[in-house]
Amino acid sequence: MADTPKQDGDTDGLNIAGRITQYFVDSKVTILIILVALLAGLLALKVTPREENPQIVVPAANIIISKPGASPKEVEQLIVKPLEAILQGMSGVDHTYGTAMESMGVVNVQFYVGQNKEDSLVKLYDRIMSNLDRMPPGTRMPLVKPVDVDDVPIVTITLSSASRNDRDLRHIADDVLEHLRRVQGASLSFIHGGRPRQITVNFDLDRMRQYNVTLLDIRRVLEATNIDIPAGSLVSHNRVSTVISGGMLRNAHDVRNLVVALHAHRPVYLKDVATITDGAGDIEHLNRIGYGPAYTGVRSPDFEEPAVTIAIAKRKGTNAVTVADGILAELQHIRAATIPPDVHVDVTRNDGERANDAVNTLLDHLSIAVVTVVLLLVAFLGWRAASIVTITIPLILFVTLAVGMVAGQSINRITLFALILSLGLLVDDSIVVIENIFRHYSKKGADRLSGAVRAVNEIGRPTNLATFTVILAFLPMFWVTGMMGPYMAPIPFNVPV
């Protein structure tokens, strides 16, 4: 008996691509999936943190060890080199670098990229504590200071004035920083430049010899006096008040009238053996700001002014754009109350704005690429084919952004570059599928739903094979070592998705 030819409506013997198409081609679930993908993509675009570059986890720490009175050579031979030898034997350590200075040594330890930060610091601390007996006598307790990429400031604000000195600017910056560090998402913050308030004591050695007073006597008195000690509590009128004995030294007057010794049955005050001044400390950093020809505001006649800079970093995993905008909004809110009119305020760094500009630029380029593809399809395949691609490609990109959000990715230049890179693959598959569906539609008397299923069934396997071949070409990027591995990781993740 001769085989009966299969009609266009016959859907027996379909492969996986044909069966999927047969289920979704006329299903109400398809509309629901489209809506869910659209909402998930818009949510991911709104909620996912934006950064200029991907975060790279490189655990590192500085170990600071002091030995008062030791020369740099002694510090190098007795502290730095033995400590480097101890730390190099740890698992996960990439390299160590030591620096010897007068009375102090610093050893920087860097772990391999991708190592867990908390586990690495715990191992480092345990290694140091278990080898304290190998440190020379007189060495103080080591100080371990972690180094984190999130400690890099995302916003710096410079305060400058032609009529105020660096001490006044530092005092104003301290008040401003107290408000800005409370912004949600803000982390490490510090002030660079300016001299803080300092009470300076200049000893007169001749008068100290005359009153028989030594530096050790003065040090003991200062340590014993400059302290507040709780002495109990007082209950009165339904209120509990803490009673404090002693007294902290709060100004130069308190320091001058401090009794440091007895001579000839008379008290010797600190002002009798030293000159006490209340003013700015020693200059360690000179911070100034200059305004070039491109500056649109009022420039100083000297083109440079004393300045201090407020630097604020963000917490790990927060949106750089949101944190930066919150800091600047709070600055604008407190400016009239905390910053005098003669102090200029300049935002000298705003990584949030840079990250937002970079992301928006790539999103614009991605939109231009999609529109260009649609116009080409309209010209060569017609508006119906172009409309299908117009719907499918943005939906697939939205799904990829949603998956990236769940995976903990941020929206940055590399993740968006991966989307642009995969755009060509999406267009190729769409064009091949739509063209074959049109070929089946052109058959006389063909059923459209059955023709669409048959068309996808015919090219499903080769199209999927070509797609998986391209995916396999990107997967080896997961095993790239060094800093480039985590930096480029969004590409082998987002392209297959």
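Hi everyone, let me start with a pair of side chains: Glu178 and Arg181 meet in a salt bridge, 2.6 Å from N to O. By salt bridge I mean a side-chain nitrogen of Lys or Arg within 4 Å of a carboxyl oxygen of Asp or Glu. Glu178 is partly exposed, with a relative accessible area of 37%, and Arg181 is partly exposed too, at 36%. For these words, buried means under 20% relative accessible area, exposed means over 50%, and partly exposed lies in between, with a 1.4 Å probe and protein chains only.

A quick word on the source: this is a predicted model, where local features need pLDDT of at least 70 and side-chain atom pairs count only at pLDDT 80 or more, while totals for chains, interfaces and linings use all residues. Residues are numbered from 1 along each chain as its sequence is written, and side-chain values use heavy atoms, with hydrogens and water left out.

Back to the salt bridges: the structure holds 6 of them. One of them joins Arg164 to Asp342, with the closest N and O atoms 3.1 Å apart. Arg164 sits in the loop between β5 and α5, and Asp342 in the loop between α10 and β15, so this pair ties together parts that are 178 residues apart in sequence. Helices here are DSSP runs of H or I with at least four residues, and strands are runs of E with at least two, numbered from the N terminus.

Asp206 and Arg209 form another salt bridge. Both lie in helix α6, 3 residues apart, about one turn of the helix.

If you want places to look, Ser66 stands opposite Met104, and Gly98 has Val107 as its bridge partner. The hairpin of β2 and β3 has 2 residues between the strands, and there Ser103 takes a positive phi near 65°.

Last stop, the surface. Ile16, Ile20, Tyr23, Phe24, Val29 and Ile33 form a nonpolar patch with about 560 Å² of accessible area together. Such patches take residues with over 30% relative accessible area and no salt bridge, joining nonpolar side chains (Val, Leu, Ile, Met, Phe, Trp, Tyr) within 5 Å and like charges within 9 Å; areas come from the Shrake-Rupley method with a 1.4 Å probe. Helix α1 gives the largest share, 4 residues.

Definitions and conventions:
Two strands pair if DSSP finds at least two bridges between them.
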